[in-house]
Amino acid sequence: MGCFGRVIEFIRTNEEETAQALGILVIRVLVAFDRALQKLFAAHGGLSLVMALHEYKESLVKEEAAYLLATFTTGNSQ
């Protein structure tokens, strides 16, 4: 419990692109097929972070953010 807050904080505080992408990937795996976990992630402010990363970052982080956002809209993993 509390893993979303920790992963979100890891993504926010780490400037390294690979580490941010890895954090987003971990979240995507956790929420891929579980609506309850998606709601919990959103409640921690995770969606606003991912949307900001998708808008302002480039390459790998942007791609992983797009995959995570697609997971939320389609309800399954990419």
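Helices (H or I, at least four residues) and strands (E, at least two) are taken here as DSSP runs, numbered from the N terminus. By that assignment, Q20 is found in helix α2, a helix that covers residues 17-31.

The model is predicted, so that local features need a pLDDT of at least 70 and side-chain atom pairs count only at pLDDT 80 or more, while totals for chains, interfaces and linings use all residues. Residues are numbered from 1 along each chain as its sequence is written, and side-chain values use heavy atoms, with hydrogens and water left out.

The pLDDT, which is the predictor's confidence in each residue on a scale from 0 to 100, averages 86 over the chain, and 94% of the residues score at least 70. Among the elements of the chain, helix α1 (residues 3-13) has the lowest mean pLDDT, at 86, whereas α2 has the highest, at 91. Where pLDDT is low, the predicted coordinates should not be read in detail.

**Burial of selected residues**

The table gives relative accessible areas, for which buried means under 20%, exposed over 50%, and partly exposed in between (1.4 Å probe, protein chains only).

| Residue | Relative accessible area | Class |
|---|---|---|
| Q20 | 3% | buried |
| R28 | 9% | buried |
| E64 | 11% | buried |
| H54 | 27% | partly exposed |
| L30 | 33% | partly exposed |
| S59 | 38% | partly exposed |

Contact is used for heavy atoms within 4.5 Å. Leaving aside its neighbours within four places in sequence, Q20 is in contact with I11, N14, E15, L53, K57 and V61, and the side chain of Q20 is part of a residue that counts as buried, at 3%.

The structure holds one salt bridge, a term that requires a side-chain nitrogen of Lys or Arg within 4 Å of a carboxyl oxygen of Asp or Glu. In this bridge the side chains of E64 and R28 meet at 3.0 Å, N to O. Because E64 lies in helix α5 (residues 59-74) and R28 in helix α2, the pair ties together parts that are 36 residues apart in sequence. Side chains of opposite charge can pair when their charged atoms come close. Not counting residues up to four places away in sequence, E64 touches A21, I24, L25 and R28.

L30 also has its place in helix α2, and, with residues up to four places away in sequence not counted, L30 touches C3, F4 and L37. The C-alpha atoms of L30 and F10, which are 20 residues apart along the chain, are separated by 16 Å.

L30 takes part, together with L22, L25, V26 and V29, in a nonpolar surface patch of about 400 Å². Such patches are made of residues with over 30% relative accessible area and no salt bridge, like charges being joined within 9 Å and nonpolar side chains (Val, Leu, Ile, Met, Phe, Trp, Tyr) within 5 Å; accessible areas come from the Shrake-Rupley method with a 1.4 Å probe, and for residues only the protein chains shown count as cover. An α-helix has 3.6 residues a turn, so residues three or four places apart point the same way.

**Helix ends and the later helices**

D34 caps the N-terminal end of helix α3 (residues 35-43), with a side-chain oxygen 3.0 Å from the backbone nitrogen of A36. Helix α3 is followed by G45, whose phi is positive, near 85°.

H54 is found in helix α4 (residues 46-56) and, leaving aside its neighbours within four places in sequence, is in contact with K62, A65, A66 and L69. Between the C-alpha atoms of H54 and L40, 14 residues apart along the chain, the separation is 20 Å.

S59 is found in helix α5 and has a positive phi of about 50° although it is not a glycine. Most residues other than glycine have a negative phi, and most peptide bonds are trans. The side chains of S59 and E17 are joined by a polar contact of 2.7 Å, a polar contact being a pair of N or O atoms within 3.5 Å, of which, within protein, one must be able to donate a hydrogen and the other to accept it, with residues adjacent in sequence counting only if both atoms are side-chain atoms. S59 and R12 are 47 residues apart in sequence and 17 Å apart in space, C-alpha to C-alpha.
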